[in-house]
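Hello,

Here is the structure you are taking over. My notes follow below it.

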Amino acid sequence: MFPGATLLGLTFLLPKVTDWYTGAVTTTVLESIAHGSATGDSPTQKRVLLLKPRGFCAGVVRAIDVVKIALETFGAPIYVRREIVHNRYVVNELAEKGAIFVHEIEEVPDGQRVIYSAHGVSPAVREMSKQRHLKVIDATCPLVTKVHIEAVKFAKQGFSLVLIGHRDHDEIEGTLGEAPEVTQVVSNVAEVEKLEVPDPNRVAYLTQTTLSLDEARDIIHALKLKFPNIVGPHSQDICYATENRQVAVRNVAHNAGLVLVVGSTNSSNSNRLVEVSRNLGTIGYLIDNSGAIDPKWLEGVTTVAVTAGASAPEVLVEDVVNYLRQTGFSSVEEVEVMPENVRFGLPAEIVQAIGSAGSGAAVAE
Ligand code: SF4
């Protein structure tokens, strides 16, 4: 049932998605869904359009693997600063295996092992870990690290930095901490108007990795109007997974009467998927699992599009799809909008630990 993949001598068990569903899932292509032609459905038959790509991104897979491998290799307790990824189900599952989640580094006892979450940390957190003699494993997503490096580079070059993102998000807290004295955070176009900098010709911008493409574009446009010589990153900071999931919703939402996004309320990229749907005029809701679905949402709806944020596990998507099947949405078509095959290597601390532990270590589930 579960095919394996080998990485660094370890066997990772990969779920075969369609095995999880209690009924058949038909894979179809974008062009065919408007009339239900791929499966011969009449347009009036209730159906689910299961978007692809959806769910776990490479950074989330890596972060979860890091916690599992650390628990296997070192044994509990393993402390994790903040939620390793923004999904309650994932956090609870890892806590059951022995991970201890803390909010601040001061809560980790001196000398213990701590994992930084996929959202990254500020230099102040790294310094505090040093002072407490903690053994650090850094599960920061490499695409978040890229933004940190850009922040340091621009600050060293004497730029004032505008960081586009949500102030209360763990990722922004970490990136802001790289150059707090020259960085200002903006969350919308109105805040751009209020910006004041020492030299309007030496301004750079960066963005959170999980923003709405449309919102970021509008804010960057406003920044360019206010600071015509503003510079940005070489490639956009919004990550591939955020973009791909938004593009999938954008392509399919108009074929659905309802879009359900599986994800937790504190997941930035999941919230953005709901916004994309609503901005296109299709009602969208963010749900943790099938228990959050209000049956009233389904009244008069013949097509439900289902997707998942980058931190939502497939088992919760399965739960939602099976609920919809039981309520009459008997046809399930997986609509692949684009291929996605990104994997990240493990952090050096984990690779070294695996090497020291010998080749007998194994990771499961
Ligand atoms: S959503 Fe993007 S930036 Fe965040 S962990 Fe996933 S790949 Fe990395």
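Pro-77 sits in the loop between α1 and β5 (78-81). Helices (H or I, at least four residues) and strands (E, at least two) are DSSP runs, numbered from the N terminus. The peptide bond between Ala-76 and Pro-77 is cis, with omega about 0 degrees. A cis bond also runs from Lys-52 to Pro-53, with omega near 5 degrees. Pro-53 belongs to the loop between β4 (47-52) and α1.

This is a predicted model: local features need pLDDT of at least 70, side-chain atom pairs count only at pLDDT 80 or more, and totals for chains, interfaces and linings use all residues. Numbering starts from 1 along each chain as its sequence is written.

Two phi values deserve a look. Most residues other than glycine have a negative phi, and most peptide bonds are trans. Arg-82 has a positive phi, near 65 degrees. Arg-82 is in the loop between β5 and α2 (88-97). Arg-82 counts as buried because it has 23 C-beta neighbours inside 10 Å. The cut-offs: buried means 20 or more other C-beta atoms within 10 Å of the residue's own, exposed 12 or fewer, partly exposed in between, with C-beta atoms placed from the backbone. His-133 also has a positive phi, about 55 degrees. His-133 lies in the loop between α3 (123-131) and β8 (135-138). With 9 C-beta neighbours inside 10 Å, His-133 counts as exposed.

Now the ligand. Its shell has 15 residues, and Cys-57, Gly-59, Cys-141, Thr-209 and Cys-239 come nearest. A residue is near if its C-beta atom, placed from the backbone, lies within 6 Å of the molecule. By class, the shell has 10 nonpolar, five polar and no charged residues. Here Ala, Val, Leu, Ile, Met, Phe, Trp, Tyr, Cys and Pro are nonpolar, Asp, Glu, Lys and Arg charged, and the others, Gly among them, polar. α1 (58-74), α4 (142-156) and α8 (240-252) each supply at least two shell residues. α1 gives the largest share, three. The ligand shell lies between domain 1 (4-57 + 240-336) and domain 2 (60-141), because both give residues to it. Those bounds come from an automatic or database domain assignment.

Last, the packing. The largest nonpolar core has 62 residues; Ala-63, Val-66, Val-67, Ile-84, Ile-115 and Leu-161 touch the most other members. α1 provides the largest share of this core, eight residues. A nonpolar core is a set of buried Ala, Val, Leu, Ile, Met, Phe, Trp, Tyr and Cys residues joined through C-beta atoms within 7 Å.

Regards
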